[in-house]
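Okay, everyone, thanks for coming. Have a look at the structure on the screen, and I'll talk you through a few pieces of it.

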Amino acid sequence: MKNTVIIKGNRYGISIVLDKDISFSQLLKDLEARLEGAEEFFDSDKQLAVTFEGRDLTNEELDEILSVIKGCSRLNIQYVMDENSDLETTFFDIIQTAKDTGDESDNSAVMEESEPVEVSGILSTIHDQAANTSGSSPGDHTVPQQTRADNTGMFYKGTLRSGQTLESKESIVIIGDVNPGASVVADGNIVVIGTLKGTATAGNNNDTNAFVMALVMDPIQIQIADVIARSSDTKSHFKKKTEPMIARIQNHQICVEPVR
Amino acid sequence: MSEVIVITSGKGGVGKTTTTANVGTGLAKLDKKVVLIDTDIGLRNLDVVMGLENRIVYNLVDVVEGNCRYKQALIKDKTYPNLFLLPSAQTKDKTSVTPEQMKKLVEELKKEFDYIILDCPAGIEQGFKNAIAAADRALIVTTPEVSAIRDADRIIGLLEANEIKKIDLIVNRIRMDMVKRGEMMSIEDVVEILAIDLIGAVPDDENIVISTNQGQPLVGDNSLAGKAYFNICKRILGEDIDFLDLSESGFFKKLSKLFKKNN
């Protein structure tokens with residue numbers, strides 16, 4: 001039997017190839033059958049971009065297909081691509097603009113870390129998120145992370161005290177201070193809206209484009225990817241007038257400069 | 001309504017025991033019924049600082065093990081009849097008491113006392129856990145030194161994780177002359193890093209050495225440290241008192257005034 005509905009995964013979402021000859025109602029039935037059969041392949045609650053190939057669809061037909069997909073699978077379709085555009089590139093571009101840490105997806109067939117495919121710049125994504133308050137766990141070492149599914153960064157409100165560690169596979173924004181003895185580890189960037197006096201590790205997945213920014217930059221150590229820099233041994237005793245600073249890698253070294 | 005206060009610091013030697021003795025005595029002076037508990041098992045010294053070491057018959061470990069009733073272990077203070085001490089054991093170690101036993105004991109004591117003050121040992125292991133188990137509030141003692149502040153910060157994190165919400169700071173052994181020369185952190189510097197409310201600052205005072213050696217807490221005395229501790233006690237009771245001007249360095253200032261007059 002000829003397959004009228006073929007579902008393919010790519011790095012950024014799925015492609016559904018539809019037979020162009022059969023009737024639309026038959027197509028819907030086949031789609032349902034195909035989705036039910038394939039349910040174990042698709043991870044629930046992942047947000048996806050989908051593109052349809054092989055058949056021209058009117059808007060109403062597209063709506064019907066989407067509701068079928070929603071009805072009989074757990075796929076969470078965020079975005080529908082126009083099949084005429086160059087698929088791979090467009091997926092990639094959308095993801096690039098939606099997050100700041102670059103391409104994180106891997107090549108495994110279907111749905112692991114599917115990124116939210118929203119066409120919004122990084123800054124507006126961060127502004128739209130409500131600040132999460134996160135308390136420390138009784139066991140004391142790692143502070144539990146609370147992330148929403150559509151975040152590209154994590155918020156922590158409060159002072160990070162000595163002995164506490166905050167980790168994330170994305171970026172971290174801290175609204176508060178990071179005291180000496182505390183450490184922040186992110187695969188993405190680190191932004192401290194307060195004083196950074198502890199240890200910050202950004203780009204933990206070897207991303208040399210990550211940065212660390214703080215309103216008062218006075219860290220014990222900063223690490224970006226595999227480059228580590230430490231604070232100077234001479235500490236001045238009087239308070240200098242400080243401005244927000246950003247640390248990033250230039251020429252294999254960590255450079256700290258004022259944020260303009 | 002009894003209040004259970006733990007006096008802790010993380011770092012050793014910053015003045016927890018001295019503070020416990022003085023705050024306890026000060027509250028007793030202000031007519032409260034107070035019991036001090038030394039939870040540093042194996043290295044007890046609250047009894048020495050209070051001058052009551054020769055009156056010890058039973059101790060905290062005896063009480064939790066059921067060898068005696070707590071009333072038999074309590075020692076009444078030499079000067080104030082409303083002040084009691086529950087001493088620690090010198091020959092056991094910190095594993096002899098559990099947090100649950102502490103909680104049970106404190107519940108008993110709450111029926112009789114207005115204030116229960118727990119002198120916490122240095123560190124963050126079993127001794128610390130025992131001391132904070134039954135506490136409602138904490139007083140963190142720190143000196144204005146980076147190492148002490150680092151440890152105090154850690155302790156504050158642990159206290160917050162253990163749901164002790166009321167945490168106040170005592171900055172001990174501050175030397176205003178060094179602060180003015182920029183050689184010591186100021187009280188404001190310390191408060192800025194630790195980000196908790198300041199309940200008092202006690203200056204470095206020779207009289208403290210004398211008082212601890214003689215077993216006579218100096219709270220309420222005319223010395224600067226005595227006044228500072230007494231103010232802390234009043235603030236614990238809810239009074240709103242201005243902080244002392246600690247730049248009156250007492251002895252040296254008087255001496256220099258004397259020389260100036262003679263010129």
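Predicted model: local features only at pLDDT ≥ 70, side-chain atom pairs only at ≥ 80, totals over all residues.

Let's start with how helix 5 and helix 6 of chain B pass each other: the crossing is right-handed. On helix 5 of chain B, the residues making the contact are Pro99(B), Met102(B) and Lys103(B), and they meet Lys129(B), Asn130(B) and Ala133(B) from helix 6 of chain B. Sort that contact by class and you get three nonpolar residues, one polar and two charged.

If you want to find these two helices, helix 5 of chain B covers residues 99-110 and helix 6 of chain B covers residues 126-133.

Chain B has an average pLDDT of 92, and 94% of its residues score at least 70.

Staying with chain B, let's look at its sheet. How many strands does this open sheet of chain B have, and in what order? There are eight, running 3-4-2-5-1-6-7-8, and the pairing is mixed. The edges are taken by strand 3 (75-76) and strand 8 (197-203) of chain B; each has a single partner strand, so one side of each has no neighbour in the sheet.

Further in, strand 1 of chain B (residues 3-8) pairs with strand 5 of chain B (residues 115-119) in the parallel sense, over five bridges. If you'd like one pair to click on, take Ile5(B), whose bridge partner in strand 5 of chain B is Ile117(B).

Helix 11 of chain B, residues 224-236, lies across strand 7 (166-174) and strand 8 of chain B, and it runs at about 160 degrees to strand 8 of chain B.

Now over to chain A, and another helix pair. Helix 1 of chain A (residues 24-37) and helix 2 of chain A (residues 59-72) have axes that come within 10 Å and cross at roughly 25 degrees. So helix 1 of chain A and helix 2 of chain A are roughly parallel to each other. Their crossing is right-handed. The contact includes Phe24(A), Leu28(A) and Leu31(A) from helix 1 of chain A, with Ile65(A), Val68(A) and Ile69(A) among those from helix 2 of chain A. By class, this contact has eight nonpolar residues, no polar ones and four charged ones.

Chain A has an open sheet too: six strands in the order 5-7-9-11-14-15, again with mixed pairing. Strand 5 (153-157) and strand 15 (253-258) of chain A are the edge strands, each pairing on one side only. On average, neighbouring strands here are turned by 25 degrees against each other, ignoring direction. Within the sheet, strand 9 (residues 190-196) and strand 11 (residues 212-217) of chain A pair in the parallel sense over five bridges. Thr195(A) has Val216(A) as its bridge partner in strand 11 of chain A.

Ser168(A) is partnered with Ala186(A) in strand 8 of chain A, while Val184(A) has Ala200(A) as its bridge partner in strand 10 of chain A.

Note on methods: Residues numbered from 1 in each chain as written. Chains lettered and ligands numbered in written order. Axes fitted to C-alpha atoms, helices over the stretch in contact; angles between N-to-C directions. Helix = DSSP H or I, 4+ residues; strand = E, 2+ residues; numbered from the N terminus. Left-handed = near helix turned anticlockwise from the far one by under 90°. Contact = placed C-beta atoms within 7 Å. Nonpolar A, V, L, I, M, F, W, Y, C, P; charged D, E, K, R; others polar. Pairing = 2+ DSSP bridges. pLDDT = per-residue confidence, 0-100. Parallel < 35°, antiparallel > 145°, perpendicular 65-115°, else oblique.
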